[in-house]
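Please consult the sequence and the structure shown below while reading.

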Amino acid sequence: MSMTQSQLPPNEAELIESVRAGDREAFYELVRPYERMVYATAISVVKNTADAEEVAQEAVLKAFSGLSRFRGEAKFSTWLLRITYNEAKMKLRKARSHLYESLDGQPPNEEGDFWPRDYADWRPIPSELLEQNEVCKAVQDAINSLNPSYREVLVLRDIQNLSIKETTAILGISEANVKTRLHRARLLLRDSLAPGIDGCWIKGQRYKKVRPW
Amino acid sequence: MVKKKAKMPTIEISCVEVWREISNYLDNEISVELRERMEAHFKACAHCTAILDGTRNVVELVGDGKVFQIPDGFSKRLYKKIHKLL
C-alpha cells in the first residue's frame, strides 16, 4: 500500500488500490457510502433534483477518471465532494451564461451584526415534524431561499455533519468564512422557520412574541 | 475559619455580542471564558435563551436527514452510469 494513503481507512485505501490495479467494480464500492453526500452537495448548489442527480453522476465519473491524481492527503470523501461542488458550480454557470447578469453573485456583505427576529421559541424538538410533507417542504424552501454562499456551508456542516476543516477544503474558503456564513445561515433559517413551528405546526401551541424590540 | 474559595467575577456580555457567537457556542468553537460569560447571560436573558434554543432546534431539524432525500432509483441509475463507463 502506498505511503500517500496513510490518512485513509484501510478498506478505502484497499479499494482505491484495487481500482488502480484494474478492478473497476471496486469503484462502485468506494463511492457508494458517499452517494447521499454527493447528492446533497450538488443540490445545495443547483437547487433542483434533476440537475443535482446529473451533477452527482458527472462528479462520480470525473472522480473515477481522476483517481490517479488522488494522493490521499485529504479524505477520499472530501476530495469527492470538492469535485462535486466544482461540477455543480460549473453547471450553474452554464445554465446562467445566457443571462445578462449572473444571479449567483457575490456573497452578501458579512460585515456588521445580524439582528435575529423576535420570535418565541418552540420548546419541543420537532424532529417528527419532518414526517409531515408540508413541514419538510417548508424547511427545504427556507434552505433554498438562503443566499448560495450560506446555503452551501449549511448543507455541508449541518446536513452532512462535516467538520469545519472539511468544509473549508471543499468550498475553498477560510475557517472564519465558514463560521460566519454558517452563523448567518442558521439565524436566517430560524427567522423563517420559528413562526411556523411556533405558531401552526405544533397543535395547541400559539406563537408568542418574547418582547418587542 | 473556613476560607472561602475566591470566585472570579463573570464579566457581563451584551445581547448583541451573544448573538454574534450563538453559532460558535453551539459548535463549541469558543473559549471557556466566553462560554462562561454567555451561560451567565442566558440565565438572565429570556430573549437570548429563546434565540439560542431556536437556533439549536433549527440545527437539529435540518440535520435530521430527511430534508434532502436522494430520489428513488438514484443508486441504480448511478451504478448503471458507472457500469457503462467500465
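## Packing of helix H4 of chain A

The buried residues of H4(A) pack against H2, H3 and helix H5 (76-96) of chain A, together with helix H4 (74-85) of chain B. The model is a predicted one, in which local features need pLDDT of at least 70, side-chain atom pairs count only at pLDDT 80 or more, and totals for chains, interfaces and linings use all residues. Residues are numbered from 1 along each chain as its sequence is written, while chains are lettered from A and ligands numbered from 1 in the order in which they are written.

Helices are DSSP runs (H or I, at least four residues), numbered from the N terminus. H4(A) has 17 residues and reaches 25 Å from its first C-alpha to its last. This span is close to the 24 Å expected at 1.5 Å a residue, the expectation being 1.5 Å times one less than the number of residues. The buried residues of H4(A) are Ala52(A), Glu53(A), Val55(A), Ala56(A), Gln57(A), Ala59(A), Val60(A) and Ala63(A); a residue is buried if 20 or more other C-beta atoms, placed from the backbone, lie within 10 Å of its own.

## The helix pair across the chains

The axes of H4(A) and H4(B) come within 10 Å and cross at roughly 35°; axes are lines fitted to C-alpha atoms over the stretch in contact, with angles running from 0 to 180 degrees between N-to-C directions. The crossing is right-handed, that is, the near helix is turned clockwise from the far one by less than a right angle.

On H4(A), the contact is made by Glu53(A), Ala56(A), Gln57(A), Val60(A), Leu61(A) and Phe64(A). Phe74(B), Leu78(B), Lys81(B), Ile82(B) and Leu85(B) take part from H4(B). By class, this contact has 8 nonpolar, 1 polar and 2 charged residues. Ala, Val, Leu, Ile, Met, Phe, Trp, Tyr, Cys and Pro count as nonpolar, Asp, Glu, Lys and Arg as charged, and the others, Gly among them, as polar.

## The interface as a whole

In total, 45 residues of chain A are in contact with 34 residues of chain B, contact requiring C-beta atoms, placed from the backbone, within 7 Å. H9(A) gives the most to the side of chain A that touches chain B, with 9 residues. That side has 28 nonpolar, 6 polar and 11 charged residues.

## Domains of chain A

An automatic or database assignment gives chain A domain 1 (3-96) and domain 2 (106-213). Their contact takes 11 residues from domain 1 and 12 residues from domain 2. H3(A) supplies the largest share of the domain 1 side, 5 residues.

Note on methods. Two residues are in contact if their C-beta atoms, placed from the backbone, lie within 7 Å. Helices (H or I, at least four residues) and strands (E, at least two) are DSSP runs, numbered from the N terminus. A residue is buried if 20 or more other C-beta atoms lie within 10 Å of its own, exposed if 12 or fewer, and partly exposed in between; C-beta atoms are placed from the backbone.
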